[in-house]
Amino acid sequence: MDFDCEILKNECLKSGYKRVIFNAPEIAKAARGGQFVHVQIETMKDRILRRPFSISNTDPATGELTVVYKVVGHGTEELARLRPGDHCRILGPLGNAYTAPDQDTFPILAAGGYGTAALYLVAKNAPRKGILLLGARTADDLILVEEFEKIGFEVRIATNDGSAGQKGFVTELLDGALAGQDPEKCTVYGCGPTPMLLALGKLTLEKKINAELSLDQHMCCGVGACFACVVKVKDETSPDGWRYSRSCKEGPVYNATEVYYG
Ligand SMILES: Cc1cc2nc3c(=O)[nH]c(=O)nc-3n(C[C@H](O)[C@H](O)[C@H](O)COP(=O)(O)OP(=O)(O)OC[C@H]3O[C@@H](n4cnc5c(N)ncnc54)[C@H](O)[C@@H]3O)c2cc1C
Ligand code: FES
């Protein structure tokens, strides 16, 4: 479960995003969309603390594992410095996964930030291609648009400043994506900032659309041992109506009906 993986490529995408490809045959064979890896970056000062990243793509034939990451702090800065031939220890694949869409499912992906990358594997493996709703602050923050178009997804964009697509939030694109579709066959797959996912979850419940949300939290152990990563989920047996759930183990993907919105 903990593998020594060589970096094959570590390249810039745009606006602080990078794409790293590891040789990780065991993980590439086992991974499903929505799972993540916990990466130990040898050159970090506090190198025992790993960093979690969604599995963006895999190629079981070549053993390649792709992660798309944004440089935001010490760990990701160090990861960005690594070169082909360098190695990382990688724990994974971890967490549950999105329910794989079947032939009948019309997939509506809703993404913000690195969530776009996290949803790529779901999109690639979906038998029926659907729509990606992509939200960002500004046009510069949009990533992987062409990659989704290449695999047959229509991409609809919302930016906060109106510099690309519709001005506003990604949730405002949902009605348009549902238009003309049988709501019972639609599933919304969400990954992005927590406030966006909570708004999306509430909206899909109102509209009675099935939705699965990846509630990524700060993580420490990544394997269910420390409770650093908890989220609130509904629990009718508890006096308050909720309980904590370890998102690294029971999640990170939750059905919108499970999430506690209070
Ligand atoms: C399941 C999961 C999947 C993830 N997938 C990806 C991915 O595919 N691509 C990607 O770029 N990032 C992803 N992240 C977030 C990524 O783990 C953090 O950006 C990374 O750990 C930051 O490490 P750092 O040492 O560079 O930053 P730090 O120095 O630790 O922190 C820098 C800043 O980043 C913020 N930050 C740290 N962790 C998180 C987090 N989990 N969520 C939001 N903000 C955070 C901190 O609050 C701080 O403001 C994922 C997180 C989780 C839990
Ligand atoms: S990160 Fe330790 S329990 Fe989830």
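Mentor: In this structure, 20 residues of domain 1 are in contact with 18 residues of domain 2, where a contact means that two C-beta atoms, placed from the backbone, lie within 7 Å. Please keep in mind that this is a predicted model, in which local features need pLDDT of at least 70, side-chain atom pairs count only at pLDDT 80 or more, and totals for chains, interfaces and linings use all residues. Residues are numbered from 1 along each chain as its sequence is written, while chains are lettered from A and ligands numbered from 1 in the order in which they are written.

Trainee: Where do the two domains run, and how far apart are their C-alpha centres?

Mentor: Domain 1 covers 2-94 and domain 2 covers 106-255, with bounds that come from an automatic or database domain assignment. Their C-alpha centres lie 22 Å apart.

Trainee: How should I read the chain as a whole, and what does its radius of gyration agree with?

Mentor: The radius of gyration is taken over C-alpha atoms, and the globule rule is 2.2 Å times the number of residues to the power 0.38. For 262 residues a compact globule would have a value near 18 Å, and the chain, at 18 Å, agrees with this. Its C-alpha atoms fill a box of roughly 50 × 45 × 35 Å along the principal axes, and its secondary structure comes to 7 helices and 16 strands.

Trainee: What share of the residues is buried?

Mentor: A residue is buried if 20 or more other C-beta atoms lie within 10 Å of its own, exposed if 12 or fewer, and partly exposed in between. In this chain, buried residues make up 42% of the 262.

Trainee: Which residues have the most contacts inside the largest nonpolar core?

Mentor: In soluble globular proteins, nonpolar side chains tend to be buried together. A nonpolar core is a set of buried Ala, Val, Leu, Ile, Met, Phe, Trp, Tyr and Cys residues joined through C-beta atoms within 7 Å. The largest one here has 71 residues, and Leu-109 and Leu-133 have the most contacts inside it. Domain 1 and domain 2 both give residues to this core, so it lies between them. Leaving aside neighbours within four places in sequence, Leu-109 is in contact with Leu-119, Val-122, Ala-123, Leu-132, Leu-133 and Tyr-189.

Trainee: Which residues come nearest to ligand 1?

Mentor: A residue is near a molecule if its C-beta atom, placed from the backbone, lies within 6 Å of it. Of the 22 residues around ligand 1, Gly-73, Gly-75, Thr-76, Tyr-114 and Asp-216 come nearest. Strand S4 (51-54), strand S6 (64-70), helix H2 (74-81) and helix H3 (115-118) each supply at least two residues of this shell, which divides into 12 nonpolar, 7 polar and 3 charged residues. Both domains give residues to the shell, so ligand 1 lies between them.

Trainee: Is Leu-144, with its positive phi, buried or exposed?

Mentor: Leu-144, whose phi is about 65°, is buried, with 25 other C-beta atoms within 10 Å. Ser-15, whose phi is near 45°, is partly exposed, with 15 other C-beta atoms within 10 Å.

Technical notes:
Helices (H or I, at least four residues) and strands (E, at least two) are DSSP runs, numbered from the N terminus. Ala, Val, Leu, Ile, Met, Phe, Trp, Tyr, Cys and Pro count as nonpolar, Asp, Glu, Lys and Arg as charged, and the others, Gly among them, as polar.
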